[in-house]
Amino acid sequence: DDATAFHWNPAGIAMLDGIDAAASYSRMYGGLASHQMLAIAGPTGHKDIMIGFGWVQSGVNDIPRYPELSRLLDDRETTARKGAEGFFSYAENAFFFTAARRFDVTLDLGWQYLTLPMQIPVGATIKYLTVSPGDTANSDGSGLGLDVGAQTRFELSRTFDNDNLGEVSLGVTITNVGRMRISWNTPSERTDGPPTLFSRRG
């Protein structure tokens, strides 16, 4: 339920009380790769509607570039002794826009404890992904994707007048609705992408 909700369940930002921001930076695999993230979310001025923006980048710099190897063993040894011809970088960038709204409802149980106040946030994230291999010209890829999510929250402690019961939170997320397609500007103009995923959390 913070600015990073775009990554987990977009409905989460609807539970914010105000503006929230997050940032991170890390080096991975002994410093070979980097990962960084920026996120901010907050109210729109309309009751119970929140929006958020996020950026995630991961990449590897200074990847050595070697010429194509010959089938002859002697030629391969000569190529190896010459070393790299240069260096290139690989980078993936993802940009996220999230919108979510919280609905406050009261469920009438019609029995001894009468009512159950519930909060039901729903949200969606539009994401734009770019991939830049960097080793050859005209080899970049990009694509659009959509994630949707919903949650439901209610306080059993309030309904049953028992502070030991606490709060119950349930959530569901569908990632890559309609399947995200990444298009490559290569001669083959192929497309690929991750599958649609369904996840539940409680």
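Start with a term: a salt bridge here is a side-chain nitrogen of Lys or Arg within 4 Å of a carboxyl oxygen of Asp or Glu. By that rule, the side chains of Asp104 and Arg102 form a salt bridge, at 3.1 Å from N to O. Hold on to that pair; we come back to it.

Ground rules next. This is a predicted model, so local features need pLDDT of at least 70 and side-chain atom pairs count only at pLDDT 80 or more, while totals for chains, interfaces and linings use all residues. Residues are numbered from 1 along each chain as its sequence is written, and side-chain values use heavy atoms, with hydrogens and water left out.

Now the fold. The protein chain has 3 helices and 10 strands. Both kinds are DSSP runs, numbered from the N terminus: helices are H or I with at least four residues, strands are E with at least two. In sequence order the pattern reads α-β-β-β-α-β-β-β-α-β-β-β-β. The chain has 202 residues, and 32% of them count as buried. Buried means under 20% relative accessible area, exposed means over 50%, and partly exposed is in between, with a 1.4 Å probe and protein chains only.

Back to the salt bridges. The structure holds 4 of them. Side chains of opposite charge can pair when their charged atoms come close. Take Arg102 with Asp48: that salt bridge is 3.2 Å, N to O. Arg102 sits in strand S4, and Asp48 in the loop between strand S2 (33–43) and S3; the two are 54 residues apart, so this pair links distant parts of the chain. Both Arg102 and Asp48 are buried. For Arg102 the relative accessible area is 16%. Asp104 is partly exposed, at 46%.

Which residues does Asp147 pair with in a salt bridge? Its partner is Lys127, with the closest N and O atoms 3.0 Å apart. Asp147 lies in strand S6 (residues 141–155) and Lys127 in strand S5, so this pair ties together parts 20 residues apart in sequence. Asp147 is buried, with a relative accessible area of 6%. Lys127 counts as buried too, at 11% relative accessibility.

On to the pocket. Rolling a probe the size of a water molecule over the atoms shows where empty space is left. The set-up is a 1 Å grid over the protein atoms alone; a pocket is an open set of points, where a 1.4 Å probe fits, with protein on both sides within 12 Å along at least five of seven lines, and lining residues have an atom within 4 Å of a point. Grid points are joined across faces, edges and corners, and a volume is the space filled by probe spheres set on the points. The largest pocket holds about 470 Å³ of space. It has 22 lining residues, and the closest to its centre are His7, Ala94, Phe96, Lys127 and Asp147.

S4 gives the most, with 4 residues. By type, the lining divides into 9 nonpolar, 9 polar and 4 charged. Here Ala, Val, Leu, Ile, Met, Phe, Trp, Tyr, Cys and Pro count as nonpolar, Asp, Glu, Lys and Arg as charged, and the others, Gly among them, as polar.

Now the surface. Ile19, Ile40, Phe53, Phe95, Phe97, Ile126, Tyr128 and Leu144 form a nonpolar patch with about 810 Å² of accessible area together. Strand S4 (86–108) and strand S5 (115–132) each give two or more residues to that patch. Patch residues have over 30% relative accessible area and no salt bridge; like charges are joined within 9 Å, and nonpolar side chains (Val, Leu, Ile, Met, Phe, Trp, Tyr) within 5 Å. Areas come from the Shrake-Rupley method with a 1.4 Å probe, and for residues only the protein chains shown count as cover. Phe97 is in strand S4. At 33% relative accessibility, Phe97 counts as partly exposed.

Last, some backbone points. Tyr29 has phi near 55°, positive in a residue other than glycine. Tyr29 is in the loop between strand S1 (20–28) and S2, and is exposed at 66%.
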